[in-house]
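Subject: Structure handover

Hi,

Here is the structure we talked about. Please open it and keep it beside this email as you read.

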Amino acid sequence: MWWGGRGQSFNIAPQKEEPEMGSVQENRMPEPRSRQPSSCLASRCLPGEQILAWAPGVRKGLEPELSGTLICTNFRVTFQPCGWQWNQDTPLNSEYDFALVNIGRLEAVSGLSRVQLLRPGSLHKFIPEEILIHGRDFRLLRVGFEAGGLEPQAFQVTMAIVQARAQSNQAQQYSGITLSKAGQGSGSRKPPIPLMETAEDWETERKKQAARGWRVSTVNERFDVATSLPRYFWVPNRILDSEVRRAYGHFHQGRGPRLSWHHPGGSDLLRCGGFYTASDPNKEDIRAVELMLQAGHSDVVLVDTMDELPSLADVQLAHLRLRALCLPDSSVAEDKWLSALEGTRWLDYVRACLRKASDISVLVTSRVRSVILQERGDRDLNGLLSSLVQLLSAPEARTLFGFQSLVQREWVAAGHPFLTRLGGTGASEEAPVFLLFLDCVWQLLQQFPADFEFSEFFLLALHDSVRVPDTLTFLRNTPWERGKQSGQLNSYTQVYTPGYSQPPAGNSFNLQLSVWDWDLRYSNAQILQFQNPGYDPEHCPDSWLPRPQPSFMVPGPPSSVWLFSRGALTPLNQLCPWRDSPSLLAVSSRWLPRPAISSESLADQEWGLPSHWGACPLPPGLLLPGYLGPQIRLWRRCYLRGRPEVQMGLSALTVSGLQDELSHLQELLRKWTPRISPEDHSKKRDPHTILNPTEIAGILKGRAEGDLG
């Protein structure tokens with residue numbers, strides 16, 4: 001079960017023609033007419049959605065058990081509890097809806113020991129008494145079917161799910177289904193956040209960051225420079241668009257250097273693809289590339305993003321192992337579970353991402369310089385690290401609005417291939433990099449609970465939304481594909497068509513509909529839980545750093561160029577591999593020798609401070625997380641949602657468990673204590689003060705809801 005109160009359900013119109021059910025079609029029996037969905041449900045279905053099969057059942061696995069109806073459509077599988085009332089303002093049910101593309105495994109159960117994994121084309125040996133739907137988002141839907149002559153319906157709905165799941169395709173589903181709320185005020189619905197699809201959005205954000213040395217470039221307005229880049233992005237003022245066009249041709253996939261974030265202290269964080277060393281740039285092109293990389297700074301640091309971080313294949317394998325380990329029927333013994341968790345290496349990769357992001361944050365914050373994130377494709381780890389650096393360095397990114405804007409700008413608009421990475425195309429490049437990023441954000445939320453305006457529930461909602469094909473936000477690989485699907489680019493010249501099919505005529509897409517329209521899937525009570533009640537309003541963006549250069553930031557060495565790799569800074573002779581180095585033309589973007597791994601952190605090297613900073617004050621606005629040993633924890637509320645005994649807190653309590661719980665509560669109290677000035681230190685609560693019963697009850701209730709709910 002997910003979180004919060006019960007969501008509203010929906011109803012679906014019956015399909016006119018009976019769908020084929022493969023090899024077992026001859027065994028199907030007609031539905032009893034008396035048990036067909038009533039005609040009043042037809043007016044409450046989603047446009048383009050049709051019912052395939054349904055059967056009365058009982059939701060099991062959680063207490064209390066719920067009677068209702070299991071429904072399969074051409075869009076999703078849902079369980080509708082009895083007595084629930086449909087709400088037209090919330091057409092989707094966030095708690096019991098399973099999009100077909102989200103179903104990872106389907107099992108039928110009969111008796112105590114007969115379990116069959118259901119696959120397309122397989123012969124189904126028995127009429128199921130229960131069906132288990134395992135979501136790729138770690139959720140589990142377990143429904144038992146009623147007796148008394150309803151076995152044919154149980155068989156039919158099971159077969160319908162198997163066939164619909166086999167035929168499901170995100171692109172096809174969206175072309176025929178629109179949300180009822182999308183048609184209301186089409187064209188006038190204002191998006192909750194800037195979608196970064198217009199030059200005005202980019203100019204507003206540039207002014208907000210006070211990036212005076214940068215401008216909005218329109219060179220890619222028709223996507224003729226790079227279809228994976230947004231139509232607009234930031235380049236230095238002194239660079240002409242004609243120079244940008246030529247310079248970007250010397251980078252992998254045409255993804256040249258551009259501004260990702262401007263630090264109020266003066267530093268600039270850039271991102272770009274790998275050098276296309278097989279090209280032969282002239283001197284003017286090299287000069288333009290260097291000017292863009294330097295961004296007006298004398299101190300430049302080139303960060304090898306791929307160094308020390310997992311490959312896409314590593315991320316995918318770790319996620320598959322984690323999902324297998326967290327299944328309710330995992331074969332791993334309880335006493336070996338933690339060892340198996342370590343063996344997945346998922347937490348190791350979270351730790352590596354946080355450490356590298358911390359180091360880059362120190363680079364950006366400690367000196368006034370240009371820091372460039374370079375990844376061959378510039379569409380995965382660059383977005384992850386850039387987003388984490390901004391979360392660690394910019395308090396406005398830790399607000400609910402700021403975080404959503406950050407994801408929209410650094411992931412959606414920047415061309416992260418969501419469809420491919422999340423398995424929507426069947427390609428071999430599947431790797432949930434964005435889900436790895438969300439886990440990193442959850443770790444920060446646990447370590448700094450008073451610094452984030454959004455809660456764990458918001459992260460869960462975002463985690464679950466990546467495989468809900470009701471918007472175009474996570475449904476395409478590039479801004480160009482997203483724009484073509486929505487019909488926004490019909491007047492533009494087509495550059496190329498990577499496996500794209502035109503949407504059918506007459507559909508009613510809402511161009512402004514995005515995943516950030518939370519009220520389409522979540523009730524008001526659930527949306528209220530997106531807010532973190534422990535957020536300290538004193539950490540507001542207006543007070544975190546003055547616009548003048550802060551005293552802790554100093555100019556970097558004159559005309560210095562560095563490579564940051566393996567935790568160490570190594571001096572470079574030049575930024576570009578082509579300048580005076582013909583022998584480098586045949587090598588990849590990782591063209592420099594690897595320095596030895598540094599044993600000290602960047603905080604040690606830059607400020608001479610201990611790795612964990614101890615009692616030393618942090619520069620204003622900067623967070624440096626811990627990433628050693630138990631400081632990186634398992635996101636239980638997300639990954640163990642299919643194990644009710646864990647979620648409901650039914651595990652046997654032990655003395656050691658209670659001691660751990662008490663230690664964690666004391667740690668939470670310490671973290672949630674408001675930061676005060678030295679002169680007010682005498683007013684701080686004595687940690688040995690005995691809390692009154694009301695305070696203890698409130699803490700225990702919040703802890704129970706946070707870790708066991």
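Below is what was found in it, from the whole chain down to single residues.

**The whole chain**

Keep in mind that this is a predicted model. The protein chain has 709 residues, and 56% of them are buried. Its secondary structure comes to 20 helices and 18 strands. Now look at contacts between residues at least 6 apart in sequence: 73% of these join residues at least 24 apart. The chain exposes about 30,400 Å². Carbon and sulfur atoms supply 53% of that area.

**A sheet of six strands**

Next, find the open sheet made of 6 strands. Their order is β11-β12-β15-β13-β17-β18, and the pairing is mixed. Which strands stand at the edges? They are β11 (258–262) and β18 (568–571). Each has a single partner strand, so one side of each is left without a neighbour in the sheet. Neighbouring strands here are turned by 25 degrees against each other on average, direction ignored.

Strands of a sheet pair through backbone hydrogen bonds, either parallel or antiparallel.

Take β12 (residues 268–272) and β15 (residues 370–374) as an example. These two run parallel, and 5 bridges join them. To get your bearings, find D268: S370 in β15 stands opposite.

**Aromatic rings**

The count of aromatic pairs comes to 25. Two of them are worth a look.

Start with F418 and F434. Their ring centres are 5.4 Å apart. Why is the pair called edge-to-face? The planes stand at 75 degrees, and the cut-off is over 60, so the pair is edge-to-face. F418 is in helix α11 (residues 418–421), while F434 is in helix α12 (residues 433–447). The two residues are 16 apart, and the pair links distant parts of the chain. Both F418 and F434 are buried.

Now go to Y522 and F530. Their ring centres are 5.9 Å apart. The planes are at 70 degrees, so this pair is edge-to-face too. Y522 has 3% relative accessibility and counts as buried. F530 is at 1% and also counts as buried.

R139 lies over the face of F98, at 4.3 Å from the ring centre.

Is L384 buried or exposed? It is buried, with a relative accessible area of 0%. Leaving out residues up to four places away in sequence, L384 touches C353, W411, V433, L436 and F437. L384 and E410 are 26 residues apart in sequence, yet 8.3 Å apart in space, C-alpha to C-alpha.

Then go to R421. This residue lies in helix α11. R421 has 10% relative accessibility; the limit for buried is under 20%, so R421 counts as buried. Which residues is R421 in contact with, leaving aside neighbours within four places in sequence? They are L312, D380, H416, E429, E430, A431 and P432.

That is the tour. Write back with any questions.

Best wishes

Conventions
Residues numbered from 1 in each chain as written. Predicted model: local features only at pLDDT ≥ 70, side-chain atom pairs only at ≥ 80, totals over all residues. Heavy atoms only, no water. Phe/Tyr/Trp six-rings, centres within 6.5 Å; stacked < 30°, edge-to-face > 60°. Helix = DSSP H or I, 4+ residues; strand = E, 2+ residues; numbered from the N terminus. Buried < 20%, exposed > 50% of the residue type's maximum accessible area, 1.4 Å probe, protein only. Lys NZ or Arg CZ within 6 Å of the ring centre and 35° of its normal. Pairing = 2+ DSSP bridges. Axes fitted to C-alpha atoms, helices over the stretch in contact; angles between N-to-C directions. Contact = heavy atoms within 4.5 Å. Areas by Shrake-Rupley, 256 points an atom, 1.4 Å probe, with all protein chains shown as cover.
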